[in-house]
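This report goes through a predicted model. It takes up strand pairing, then charged side chains.

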Amino acid sequence: MKEKNTIRNSISIFLLCLAVHTFEVLVIRTDETFFAECFINKVFGIIVLYAVLKNLKWHWSDIGFIKEKMLINVLKGFGLCSVFYSIAFVIEFIVLYMQGTPAHIEFFVTGFSLIGNVVKQTGLGFVLMCIGFNIINVWMEEGLFRGFYITYVNKEHSKKTALYVAALLFGLWHLVTPLRSLLDGDMSVGVFALLSIGYVILSAVMGIKWGLLYQLSGTVWIGLADHFFNNCVVTNLLHVVTNEGVDDLQILRVLIGELTSFIAVFIYTKVKAMKR
């Protein structure tokens, strides 16, 4: 593998990882087992990434896994997610109150589902597994989709091209989730088409945000921490509960949290560029 035909090579790596991801989600269904998470494809992705880096004679630091100021950058990522999701939670509570369904927050483990969370676990073991699997998840996704793709494609193309290619691949990566719901009969073709478009666009926007953070800082840690907090804490551990259900407005929460933080990062990027 060389630093040429970078987009084609990136797509090839993506398709390889996507094949394993699809097989796990549709066939193995690890998230429906005791583990409650599809982690095999993420471990596979990390192995593939390691092999690719070794083939290119790159180091993990070359794709943003830099030890210097790691803790500070992790705290920045946690802070970013905390601020904007606090806004999202407040709005969610206000909407529920106006609908006549007062809510409160509970702490337990579930997986994310486009058709609603259905599994509830409170044991310490499940919490630790949730944290561990989410670390694996963000290590693979930030390492591959931000650290590697953006750095690798930028060897031949502009920063914008690298950013958008990585974001598009990240968006397409998330098509597997609604596809399973369609095949299982949990949603119609029309709903699948609508949700797929929305899910891919939202994931791509999130990919652009984390990509901008990577390009701005030269490290994956800010985006990785924000990604981890989003997945693990906001989605898997903290839940808005009413007398009628759990996380009924989770999609609204995610949309508000991600879009507001994206706008903030985008504006910050533009302002910083103007000062150069």
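## Strand pairing

In this predicted model, Val241 stands opposite Val246 in strand S3. Another facing pair is Thr242 with Gly245 in S3. Strand S2, residues 238-242, pairs with S3 in the antiparallel sense, over 2 bridges.

The 3 strands make up an open sheet with antiparallel pairing, in the order S1-S2-S3. Its edge strands are S1 (104-107) and S3 (245-246), each of which pairs on one side only. S2 is mostly covered, as 4 of its 5 residues are buried.

Asp247 has its place in the loop between S3 and H9. Is Asp247 buried or exposed? Its relative accessible area is 7%, under the 20% cut-off, so Asp247 counts as buried.

The C-alpha atoms of Asp247 and Ile105 are separated by 9.6 Å. Along the chain these two residues are 142 residues apart.

Side chains of opposite charge can pair when their charged atoms come close. The structure holds 10 salt bridges. One of the side-chain pairs that meet in this way is Glu92 with Arg253, at 2.6 Å from N to O. This pair links distant parts of the chain: Glu92 lies in helix H3 (residues 70-98) and Arg253 in helix H9, 161 residues apart. Both Glu92 and Arg253 are buried.

A salt bridge also forms between the side chains of Lys209 and Glu258, with an N to O distance of 2.9 Å. Lys209 belongs to helix H7 (residues 189-217) and Glu258 to helix H9, so that pair too links distant parts of the chain, 49 residues apart. Lys209 is buried, and Glu258 is buried as well.

## A salt-bridge network

Arg29 has a relative accessible area of 18%. Buried means under 20%, and Arg29 is therefore classed as buried.

## A positive surface patch

Lys69, Lys76, Lys159, Lys272 and Arg276 form a positive surface patch. Lys272, one of these residues, is found in helix H9, which covers residues 250-274. Helix H9 also holds Arg253 and Glu258, the residues named above in salt bridges with Glu92 and Lys209.

Why can Lys272 be part of a patch? A patch residue needs over 30% relative accessible area and no salt bridge. Lys272 has a relative accessible area of 32%, so Lys272 passes the area cut-off while being classed as partly exposed.

Conventions
Residues are numbered from 1 along each chain as its sequence is written. This is a predicted model: local features need pLDDT of at least 70, side-chain atom pairs count only at pLDDT 80 or more; totals for chains, interfaces and linings use all residues. Side-chain values use heavy atoms; hydrogens and water are left out. Patches are made of residues with over 30% relative accessible area and no salt bridge: like charges are joined within 9 Å, nonpolar side chains (Val, Leu, Ile, Met, Phe, Trp, Tyr) within 5 Å. Accessible areas come from the Shrake-Rupley method with a 1.4 Å probe; for residues, only the protein chains shown count as cover. A salt bridge is a side-chain nitrogen of Lys or Arg within 4 Å of a carboxyl oxygen of Asp or Glu. Lys and Arg count as positive and Asp and Glu as negative; His and the chain ends are not counted. The place of a charge is taken as NZ of Lys, CZ of Arg, CG of Asp or CD of Glu. Buried means under 20% relative accessible area, exposed over 50%, partly exposed in between (1.4 Å probe, protein chains only). Two strands pair if DSSP finds at least two bridges between them.
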